[in-house]
Amino acid sequence: MIQLIDHGVYLVDGKVQDTAPVAAEEARKGTLAWKIMQAHNQSDDPANLKVRFDAMASHDITYVGIIQQARFSGMKEFPMPYALTNCHNSLCAVGGTINEDDHMYGLSAAKKYGGIYVPANQSVIHSYAREQLAKCGAMILGSDSHTRYGALGTMAVGEGGPELAKQLLKNTWDVPMPKVVLVYLTGKPRKGVGPHDVAIALVKATFASKFVNNMVLEFVGPGIKELPIDFRNGIDVMTTETTCLSSIWETDEVTRGFYETHQRPEDYQELHPEAVAYYDKMITIELDKVEPMIALPFHPSNAYTIKEFLANAEEILAGVEADARKRYPKADVHLTNKIHDGGVYADQGVIAGCSGGLFDNITEAADIIRGGSTGSGAFSFSVYPTSTPVAMELMKIGATADLLSAGAIIKPSFCGPCFGAGDVPANNGLSLRHATRNFPNREGSKPGEGQFAAVCLMDSRSIAATALNGGRITPATDVDYEPVHHEYHFDKSIYDKRCYYGFGKADPSVELVMGPNITDWPPMYELTENLLVELAAVIHDEVTTTDELIPSGETSSYRSNPVRMAEFTLSRRVPDYVPRAKEIAKQEAARRAGEAPARVLEALAKVGDAETLAANTQFGSCVFANRPGDGSAREQAASCQKVLGGFANICYEYATKRYRSNCINWGILPFTIDEGTDFPYEPGDMVFVPGVRQAITTGTPDIPAKVIKADGSVCDLLLHVRGLTEDEKAILADGCLMNYYAARQ
């Protein structure tokens, strides 16, 4: 079904070969990724890119912080089309007025700086970007990790907010030219197999081995012509879960049809690799061999075919229970009781968001459940069309009526089911979702308070088949139905009547509407000569997600209040982190006031003259995790640590570039240690890093440090900070990106 080839290959006139008459370095220039990225490169060095994007998009968890950063750094207007969508915090159910206050801030910012404002429930961020911003050969930057429009011929990247602030200030996204992986598609999917089945199988094949980490996936091959555009988009958006950097697909008449349908035929161009192109690796996907898939908690890569899962459900669910109990000792976890009456039963089905709520996914779900019933038991079935134009077309063709008559609930365009806001199951509930992630808490439960629920990812087709059977998990290939093709008609008038189009019409006289929850960032200080950090959290999980670093759901309602948001840092993974970090920050405040606490002096006395060192040694908190940062692009995963006085992360490897970039942009030193190095240290142990400022500013990659354990013993630890750009060195030295810009105004 999926094969990974871990060596370079050539694509010659559409055929894969191990050799070619063209040298690899020259043939690299034949890839789509090379051509598009180099066309946007502002530097003279093709190996080290400085990229300017054509457009940007943010949602209402991120845009306030981005605009505030850029505003304080001197921005006067948006230099490119910038869409501000309101699809994450649109329930307005937590915190009184704070969600709508942020929306009003967004509208006023769009008017003041010349932006595009998409009101709540009009569209999820990625649907709007596909419908209105994507162009063949273009590049788009989004403050959401699932910023992927490769199937439309657009290279798109999800990054933390500071990288968008840089673009608003007419600066660049700096990255080494990534490796490019050929994804070669053959065959045609069987009836009942959807894009999520292909995507989940791809994530399963690549994630654990980091096969495509920070690389670009380039989709080509004869299988592409067998896929409708929604099917392509549904696969493409999930490439984020492989931890790749971006994606791009060759285009064809189907792609042209998308742009014509969306009344933008001029934005289409035919894109193919050159006659000879070289790729660093290769993945083959035989679409005709893909089966309906299910991804079990707590990652999209924890996947099985549905038939394999059903045959081994007791063992698999027992494994999930054991994992959950280890993570959440307060929760009374039960999932094996879902096995009864000859099957495995779910409590909920949800089709939503940028991956699930697409027109074709919903029409085929309607085809499957038409004339049936979800039953009158506990099982519920919710469907969220991805945008108002999609919702209106579903009503016109009767799909909405078919779903409603079978017991489904149709809900507005909203991203909540993807990150734990809305449709929270009952305690010990099992939810099936055609959404992007099933990380811990993505269903909205609070296991720290004894609650637990679980999400399994499945394609909308199999969710509809399950709904037809009253919640009994069923692959769509086992259902006798006939999919009906419906030509999609896009009605832009819905957007024209509600969206604000301000690009090129900045009005400096407009006052920003600042609700009481929108606050400025607390002061952050430049890096001192030496650094002393106390371990406030030590996590030995294989991967630590950004959702664990800063939980999603209702906590994100406070994203415009940095101090209040920081109270939730690591709250569902290491509940003691926040009080520890606060206590450490108090001691640093005392040191800055000239009254170094006894605890700091005692630690410094282990490595030198305490009084002398105290004058030029910052004291802050630090997080250790094996591999942190998988998942969301939310900058709060890093900024909340900094607000609490965090100065460093230590790990073996950063799971994604975007999390490491977030750390750097918020002045958190991104230390790594060598794989295999033992890290037996506990919260309360300290790490002293002498000469750290000089090491950072001169680009010294290896930095000797001392661990001062709580029992008073001292041992050596070798830290690394590798691959910093000149700007990143200065940002870390200045204390954060905002300080960096303020120092240069």
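# A guided reading of a predicted chain

Guide: Buried residues make up 64% of the 745 residues in the chain. Buried means under 20% relative accessible area, exposed means over 50%, and partly exposed lies in between, with a 1.4 Å probe and protein chains only. This is a predicted model, where local features need pLDDT of at least 70, side-chain atom pairs count only at pLDDT 80 or more, and totals for chains, interfaces and linings use all residues. Residues are numbered from 1 along each chain as its sequence is written, and side-chain values use heavy atoms, with hydrogens and water left out.

Visitor: How many helices and strands are there in the chain?

Guide: Helices (H or I, at least four residues) and strands (E, at least two) are DSSP runs, numbered from the N terminus. Here there are 28 helices and 34 strands.

Visitor: What does the radius of gyration of the chain agree with?

Guide: The radius is taken over C-alpha atoms, and the globule rule is 2.2 Å times the number of residues to the power 0.38. For 745 residues, a compact globule would have a radius near 27 Å; the chain has 25 Å, which agrees. Along the principal axes, the C-alpha atoms fill a box of roughly 80 × 60 × 60 Å.

Visitor: Of the contacts between residues at least 6 apart in sequence, what percentage join residues at least 24 apart?

Guide: Contact means heavy atoms within 4.5 Å. In this chain the figure is 77%.

Visitor: Where is glycine 422, and which residues does glycine 422 contact?

Guide: Look in the loop between α16 (416-419) and β23 (429-434). Leaving aside neighbours within four places in sequence, glycine 422 is in contact with Leu91, Pro417 and Arg433. Take leucine 91: it is 331 residues from glycine 422 in sequence, yet 8.1 Å away in space, C-alpha to C-alpha.

Visitor: How many cavities does the structure hold?

Guide: On a 1 Å grid over the protein atoms alone, a cavity is a set of points where a 1.4 Å probe fits but cannot get out; lining residues have an atom within 4 Å of a point. Grid points are joined across faces, edges and corners, and a volume is the space filled by probe spheres set on the points. The structure holds 5 cavities of 30 Å³ or more.

Visitor: Which residues lie nearest the centre of the largest cavity?

Guide: They are His88, Asp144, His146, Cys418 and Arg442, out of 21 lining residues. Three helices, α5 (125-133), α12 (353-356) and α16, each supply at least two residues of this lining.

Visitor: How do the lining residues divide into nonpolar, polar and charged?

Guide: Ala, Val, Leu, Ile, Met, Phe, Trp, Tyr, Cys and Pro count as nonpolar; Asp, Glu, Lys and Arg count as charged; the others, Gly among them, count as polar. The lining of the largest cavity has 7 nonpolar, 10 polar and 4 charged residues.

Visitor: What about the backbone? Which peptide bond is cis, with omega near 10 degrees?

Guide: The bond from proline 297 to phenylalanine 298. Phenylalanine 298 lies in the loop between β16 (293-295) and β17 (303-305).

Visitor: What is phi of glutamine 263, and of aspartate 341?

Guide: Phi of glutamine 263 is near 60 degrees, a positive value in a residue other than glycine. Its loop runs between α9 (253-261) and β14 (276-279). Glutamine 263 counts as partly exposed, because its relative accessibility is 45%. For aspartate 341, phi is near 50 degrees, again positive in a residue other than glycine. Aspartate 341 sits in the loop between β18 (339-340) and β19 (343-344). At 62% relative accessibility, aspartate 341 counts as exposed.

Visitor: Is threonine 363 buried or exposed?

Guide: Threonine 363 is buried, because its relative accessible area is 6%. Its place is in helix α13 (residues 359-369). Beyond neighbours within four places in sequence, threonine 363 is in contact with Leu394, Ile397 and His486.

Visitor: How many residues of helix α27 are buried?

Guide: In α27 (residues 726-734), 7 of 9 residues are buried, so the helix is mostly covered. Those buried residues pack against α6 (161-168), α25 (657-665), β31 (669-672), α26 (692-698) and α28 (737-744). Just after α27, glycine 735 takes a positive phi of about 105 degrees.

Visitor: Which residues does isoleucine 696 touch?

Guide: Not counting residues up to four places away in sequence, isoleucine 696 touches Leu527, Leu669, Val721, Leu724, Lys729 and Leu732. Isoleucine 696 is in helix α26, and is buried, with a relative accessible area of 1%.

How values were computed: 1 Å grid on protein atoms, 1.4 Å probe; cavity = no way out; pocket = protein on both sides within 12 Å on 5 of 7 lines; lining within 4 Å.
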